[in-house]
Every structure is written in structure tokens, then in C-alpha cells.
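Q: I have a model open and would like to go through it step by step. Could we begin with how the helices pack and then turn to the charged pairs?

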Amino acid sequence: MKLFPQPDLITSSIAEIDAWVIIVFVCFFGSFYYIGHLRSKKRTEAMRTIAESLEMKFEAEKCDPSTLGLDGIDLFEKGRSRKVLNLIKGTFEDAKAFIFDYHYVTGGGKNSSYHSQTVIAFKICSKDGFQLPQFTCKPERFYHRFADVLGFKDINFEQYPEFSKAYRLNGDKADSVSQIFNEKVIQQLEAESKQRWNIDAAGEWLVIHKYDKIIKPNDCPQFLLDCTTLLNAMTLT
């Protein structure tokens with residue numbers, strides 16, 4: 001009578017278990033990838049339809065933001081693996097615009113973070129050659145207080161304390177930036193402070209997005225309209 005199984009039998013059993021583990025692993029991640037692929041494809045087709053409804057052009061292929069001429073914009077200088085997808089481009093209410101999904105990665109290894117947002121970029125065309133000053137407007141976070149301690153002050157408006165509390169505004173030409181953020185702009189941003197508006201500008205480009213938020217295709221026309229309203233309220237002269 002044999003009290004213990006033969007070594008060959010043990011080895012065979014372990015091999016069978018390992019094979020099943022591999023099969024389950026492959027099936028799980030294969031299904032995960034396939035579902036992600038289907039969602040991505042569905043969004044691309046939905047964005048293509050949105051472009052057609054807006055009478056704008058559509059490009060599904062990914063590209064680097066630098067190929068669109070979006071230089072000097074803070075958002076496109078962050079992280080790595082930067083890519084633009086589902087690009088809609090054309091004219092909306094007399095403004096040249098890009099609408100696209102933008103992805104990038106920060107950190108490394110286990111600490112990597114993946115960021116995705118729908119972005120609208122307006123090209124500011126001025127007959128007198130006006131160029132936007134470089135600035136960034138984003139929701140104020142608790143860690144920005146450390147920047148204040150170190151002397152990196154933002155642009156505040158004494159007459160609009162709620163705006164100054166809700167948003168952090170930085171720029172290389174404070175007087176020019178303050179002129180752009182007139183009363184109408186500030187009131188709109190104050191009223192929608194929970195919407196996480198982010199505004200970047202430099203040269204010919206004004207870029208608006210909501211941090212780490214992909215806008216649903218059906219909501220894109222309204223998002224574009226809201227951004228255009230914000231653009232039109234600014235003093236760009």
C-alpha cells in the first residue's frame with residue numbers, strides 16, 4: 001500500500017493547475033481588453049457622429065498634441081505617453097476649434113497614474129496680431145498653500161474673494177491676465193466652481209477642459225457651447 005502519491009503524479013497535478021491558472025488569467029485579461037476595445041470603438045463612432053452633426057471634420061487616429069501646434073500650453077507639458085484621440089476640428093460660432101480626448105501618464109511603475117479628459121482648444125485669430133499671455137487657471141487645491149508659503153503667489157482679485165478662493169490663476173503677465181478675466185468671466189467661473197474648469201492659454205491658443213473628465217458624446221455639443229460662451233466673455237484685445 002502506497003501512502004504518498006508518486007512524484008510524477010504530483011508534478012503532473014501541479015502542471016495541470018498551472019495550465020488552468022494561465023488559461024483563466026489569459027481569458028480574464030483578454031475579456032477586459034476586448035471590452036475596453038469595444039467601448040473605445042463605440043466612443044469613436046459616437047464622436048464621428050457628433051462631428052458630422054456639427055459640420056466639422058473628424059480624425060480617429062491618435063497623434064501627439066505637438067502636431068496640432070499646441071505649444072506652450074501647460075496641460076500638454078505634463079507627464080508622458082501623451083496622445084490625442086477622436087479629434088474633431090473646424091469652426092464653431094466663428095471660432096476655430098479642436099475637440100478631442102487627451103490621455104497622458106504621470107509617475108512610474110506601481111505609482112503610475114493615467115489621466116484622461118475631453119479638451120476644447122480655440123485658436124485665437126486677431127487682425128492686429130494679438131497674442132494671449134501664458135496663463136493657467138485651475139481649481140484651488142489644499143496643496144497649493146505650500147506654493148504660497150514658498151512665495152509662488154497666484155493672481156487674486158480683492159473684489160472677487162470667492163473666485164480667488166475657488167481658483168488658482170497663474171500667468172507670466174499679471175496685468176494682461178487680469179484684463180482677460182473680467183467681471184463676466186469671473187462670475188461664470190464662480191457660479192460653476194464645482195465643475196472643475198481648467199483654462200490654459202499661450203500665444204494663439206486657449207484650451208478649456210475639466211480635469212480628468214471625459215465628456216459623454218451626447219454632452220459634447222453643450223460642453224462646446226459652454227466653452228464658447230466662456231471664450232466670448234473674455235477680453236481678448
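Q: At what angle do the axes of helix α5 and helix α6 cross?
A: In this predicted model, the axes of helix α5 (residues 183-191) and helix α6 (residues 220-233) cross at roughly 150° and come within 8 Å. Angles over 145 degrees count as roughly antiparallel, so α5 is roughly antiparallel to α6.

Q: Which residues make that contact?
A: Helix α5 contributes Lys184, Val185, Gln188 and Leu189, while α6 contributes Asp226, Thr229, Leu230 and Ala233. By class, the contact has four nonpolar, two polar and two charged residues.

Q: Stepping back, how many helices and strands are there in the protein?
A: The protein has six helices and eight strands. Their order from the N terminus is α-β-β-β-β-β-α-α-β-α-α-β-β-α. Of its 237 residues, 37% count as buried.

Q: Now the charged pairs. What is the count of salt bridges?
A: The count comes to six salt bridges. One of them joins arginine 43 and aspartate 101, whose closest N and O atoms are 2.7 Å apart. Arginine 43 lies in helix α1 (residues 7-53) and aspartate 101 in strand β3 (residues 95-106), so the pair ties together parts that are 58 residues apart in sequence.

Q: Is arginine 43 buried or exposed, and what about aspartate 101?
A: Arginine 43 counts as buried because its relative accessibility is 16%, and buried means under 20%. Aspartate 101 is also buried, at 2%.

Q: Which residue forms a salt bridge with glutamate 59?
A: Glutamate 59 pairs with lysine 89, with the closest N and O atoms 2.8 Å apart. Glutamate 59 is in strand β1 (residues 57-59) and lysine 89 is in strand β2 (residues 80-92), so this bridge ties together parts 30 residues apart in sequence. Glutamate 59 is partly exposed, at 31% relative accessible area, and lysine 89 is partly exposed at 25%.

Q: And where does lysine 123 lie, relative to its partner glutamate 204?
A: Lysine 123 is in strand β4 (residues 113-123), and glutamate 204 is in the loop between β7 (197-203) and β8, 81 residues apart. The closest N and O atoms of this salt bridge are 3.9 Å apart.

Q: A change of topic: where is histidine 209 found?
A: Histidine 209 is in strand β8 (residues 205-210). Its relative accessible area is 2%, so histidine 209 is buried.

Q: What is histidine 209 in contact with?
A: Leaving aside neighbours within four places in sequence, the contacts of histidine 209 include Leu75, Gln117, Val119, Trp197 and Phe223.

Notes: Residues numbered from 1 in each chain as written. Predicted model: local features only at pLDDT ≥ 70, side-chain atom pairs only at ≥ 80, totals over all residues. Heavy atoms only, no water. Helix = DSSP H or I, 4+ residues; strand = E, 2+ residues; numbered from the N terminus. Buried < 20%, exposed > 50% of the residue type's maximum accessible area, 1.4 Å probe, protein only. Contact = heavy atoms within 4.5 Å. Axes fitted to C-alpha atoms, helices over the stretch in contact; angles between N-to-C directions. Parallel < 35°, antiparallel > 145°, perpendicular 65-115°, else oblique. Nonpolar A, V, L, I, M, F, W, Y, C, P; charged D, E, K, R; others polar. Salt bridge = Lys/Arg side-chain N within 4 Å of Asp/Glu carboxyl O.
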